Amino acid sequence: MSARALRLAAAMLLLLAAVAVAAAPAAEAARSMLAGGWGPIKDVSDPHIQELGGWAVSEHVKMANDGLRFGGVTRGEQQVVSGMNYKLVIDATGADGTVAAYGALVYEQSWTNTRELVSFAPAN
C-alpha cells in the first residue's frame with residue numbers, strides 16, 4: 001500500500017470516529033423518545049401542556065359535574081404512540097375551595113385532531 005493510500009485510509013478512519021462521537025448525543029435523545037417509552041415532560045409550563053391540563057379538567061367536569069377548576073399542570077410524562085399519551089399531574093380547586101392534585105391520562109393525535117381523556121382521578 002502506498003503512503004498516499006495509508007494517509008487516505010487514516011483520514012477516513014478519523015472522519016468516521018468524529019462522526020460517531022458527534023452522533024452519540026442525538027442517538028441518546030432519540031432512545032429516550034422511542035415509541036412505547038415514557039419520558040418526562042421537560043417543560044410543563046409549555047402552553048400546550050397547560051392547555052391539555054385545562055382541557056382534561058373541563059372534560060372531567062362535563063362527566064362528573066363536580067365543579068373542579070383548573071390550577072395548573074405541575075409535572076408529567078409523555079409516551080410516543082400513534083400520537084402521544086400524556087400522564088399529567090394537575091392541581092385543581094374543588095367546589096369547597098380546597099386545592100388537590102389529580103392524575104390525568106390524555107391521548108392526543110394532532111394530525112387527526114383527536115383528543116381523549118382516558119382517565120382522571122385524585123393523585124396518590
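Buried means a relative accessible area under 20%, exposed means over 50%, and partly exposed lies in between, with a 1.4 Å probe and protein chains only. The model is predicted, so that local features need pLDDT of at least 70 and side-chain atom pairs count only at pLDDT 80 or more, while totals for chains, interfaces and linings use all residues. Residues are numbered from 1 along each chain as its sequence is written, and side-chain values use heavy atoms, with hydrogens and water left out.

**Exercise 1.** Decide whether Asn85 is buried or exposed, and find what Asn85 touches.

*Solution.* Begin with the place of Asn85, which is strand S3 (residues 83–93), where strands are DSSP runs of E with at least two residues, numbered from the N terminus. Next, take its relative accessible area of 13%, because of which Asn85 counts as buried. Finally, look for contacts (heavy atoms within 4.5 Å): leaving aside residues up to four places away in sequence, Asn85 touches Trp38, Glu77, Gln78, Gln79, Leu105, Val106 and Tyr107.

**Exercise 2.** Describe the one aromatic pair of the structure.

*Solution.* Rings of Phe, Tyr and Trp (its six-membered ring) pair if their centres lie within 6.5 Å, and planes under 30 degrees apart count as stacked, over 60 as edge-to-face and the rest as tilted. Tyr102 and Phe120 form a stacked pair, at 5.4 Å centre to centre and with 20° between the planes. Tyr102 belongs to strand S4 (residues 99–109) and Phe120 to strand S5 (residues 114–122), so the pair ties together parts that are 18 residues apart in sequence. Tyr102 is buried at 15% relative accessibility, and Phe120 is buried at 16%.

How values were computed. Helix = DSSP H or I, 4+ residues; strand = E, 2+ residues; numbered from the N terminus.
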